[in-house]
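Colleague: I am new to this structure and would like to learn how its features are read. Could we go through them one at a time, with the general idea before the case?

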Amino acid sequence: RIMSSMQMPPLRVCVTGAAGQIAYSLLPHICLGRTFGPNRKIILHLMDIERAQTALGGVKFELQDCGFDLLVDVITTSDPNVAFKDVDVCVFLGAFPRGPGMERKDLLAKNAGIFKAQGKILDSIASRDVKVVVVGNPANTNAWVTQQCAPSIPPQNFTALTRLDANRAQSQIAMRVGVSPSAVSNATIWGNHSSTQYPDVSFARVNGFRDVYDAVGDKGWLQGDYIKTVQQRGAAIIAARKLSSAMSAAKAISDHLHDWLVGSGGKIVSMAVPSDGSYGVEKGLIYSFPVVCEAGAYQIVQGVPLSDFSKRLMQATEKELSEERTMTKQILFSGSKL
């Protein structure tokens, strides 16, 4: 007999970088039942660096003061051996930020070292079916490093967040056409969570049946400024707020986890997942695809028609991901099997 969410043991959810602004927006989604269902009890494992522990204690106070019925306990720590113990879900918000003058390879090296160490600990003490979503950039490659360093966990359990990009893509179309965002379906993100990502509307629909190209009536915008707007939205928010996306990122993480663990209800969504070779994408790359999710599993949607325009942009973002992986291998794994 299938247990109801009320009968299931509490879900242990780890969030790294938990004293930061994304976590501050994400935690209410989790504790209100928007992420894992309205009846699923939660134990939070909140991790951040040592100097953030006082602030993290304040976050714990606020969580207690909210009086969330679903929240069973809150563990705060700077030690991954505590944070990752028996967790069912791990949200990696924390990553080393790119500083002024930092070369791309230096950023990759710094984060690869962090995620290699975290992956090894996750492999040894987390739940054997832990679901992982990496948000800290470079998210796709950080997810790949974590996966490679946690060989006892199913490789398909490692994902990176591109749902924020997909939500942005959906909303841009909705605003252009004058409908609610939920009226736009199948807007897809292919590839890397970076400025090379490809927001594809070639099989998207408005109100379930109307082709987006027909609804918008401006092919030039759809293949030009629309793509650039979605690709560069994160930078635009930083320029305006002097801070990176937080509220929208938190909503996207909640959407990603909800659809993955609870189900997308037949809806096509975007997730960066290990490539199985679909659409000619190099096997093993953590690449964003259109997927359908059900009860903790996802399937890459097959048979999406691809124009030469789409193929070109998909290959460009794949090339970037392949280069990142090669660079990371050279930095970290020379002389090893990884």
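Modeller: Let us begin with pockets: a residue counts as lining a pocket if it has an atom within 4 Å of one of the pocket's grid points. Please keep in mind throughout that this is a predicted model.

Colleague: Which element gives the largest share of the lining of the second largest pocket?

Modeller: That share comes from α6, which contributes nine residues. About 450 Å³ of space lies in this second largest pocket, and of the 24 residues that line it, the closest to its centre are Ala-166, Asn-167, Arg-168, Gln-170 and Ser-171. Elements giving two or more residues to this lining include β7 (184-185), α11 (247-261) and β12 (269-274). By class, the lining of the second largest pocket has nine nonpolar, nine polar and six charged residues.

Colleague: What is the volume of the largest pocket, and which residues are the closest to its centre?

Modeller: The largest pocket has a volume of about 1700 Å³, and of its 49 lining residues the closest to the centre are Ala-95, Pro-97, Val-135, Gly-136 and Asn-137. Two or more lining residues come from each of α1 (21-31), α4 (104-125), α6 (163-177), α10 (233-241) and α12 (308-332), with α4 giving the largest share, six residues. Sorted by class, the lining of the largest pocket divides into 19 nonpolar, 19 polar and eleven charged residues.

Colleague: Moving on to aromatic rings, what describes a pair of them?

Modeller: A pair of aromatic rings is described by the distance of the centres and the angle of the planes. In this structure the count comes to eight aromatic pairs. In one of them, the rings of Trp-190 and Phe-289 have their centres 6.2 Å apart and their planes at 75°, so the pair is edge-to-face, since planes over 60 degrees apart fall in that class. Trp-190 lies in strand β8 (residues 188-190) and Phe-289 in strand β13 (residues 286-294), so the pair ties together parts that are 99 residues apart in sequence.

Colleague: Are Trp-190 and Phe-289 buried or exposed, and which residues form an aromatic cluster with them?

Modeller: Trp-190 is buried, with a relative accessible area of 0%, and Phe-289 is likewise buried at 0%. Trp-190 and Phe-289 form one aromatic cluster together with Tyr-279 and Tyr-287.

Colleague: Where do charged side chains lie over rings?

Modeller: Lys-110 lies over the face of Phe-96, at 5.0 Å from the ring centre, while the charged end of Arg-176 sits over the ring of Trp-221, 4.2 Å from its centre.

Colleague: How many salt bridges does the structure hold?

Modeller: The structure holds nine salt bridges, and the idea is that a side-chain nitrogen of Lys or Arg lies within 4 Å of a carboxyl oxygen of Asp or Glu. Glu-282 forms one with Arg-325, the closest N and O atoms being 2.2 Å apart. Glu-282 lies in the loop between β12 and β13 and Arg-325 in helix α12, so this pair ties together parts that are 43 residues apart in sequence. Glu-282 is partly exposed, at 30% relative accessibility, whereas Arg-325 counts as buried at 11%.

Colleague: How many residues apart are Glu-323 and Lys-319 in helix α12?

Modeller: They are four residues apart, about one turn of the helix, and their side chains meet in a salt bridge with an N to O distance of 2.7 Å. Glu-323 is partly exposed at 33% relative accessibility, and Lys-319 is exposed at 53%.

How values were computed. Residues numbered from 1 in each chain as written. Predicted model: local features only at pLDDT ≥ 70, side-chain atom pairs only at ≥ 80, totals over all residues. Heavy atoms only, no water. Phe/Tyr/Trp six-rings, centres within 6.5 Å; stacked < 30°, edge-to-face > 60°. Buried < 20%, exposed > 50% of the residue type's maximum accessible area, 1.4 Å probe, protein only. Lys NZ or Arg CZ within 6 Å of the ring centre and 35° of its normal. 1 Å grid on protein atoms, 1.4 Å probe; cavity = no way out; pocket = protein on both sides within 12 Å on 5 of 7 lines; lining within 4 Å. Points joined across faces, edges and corners; volume = space filled by probe spheres on them. Nonpolar A, V, L, I, M, F, W, Y, C, P; charged D, E, K, R; others polar.
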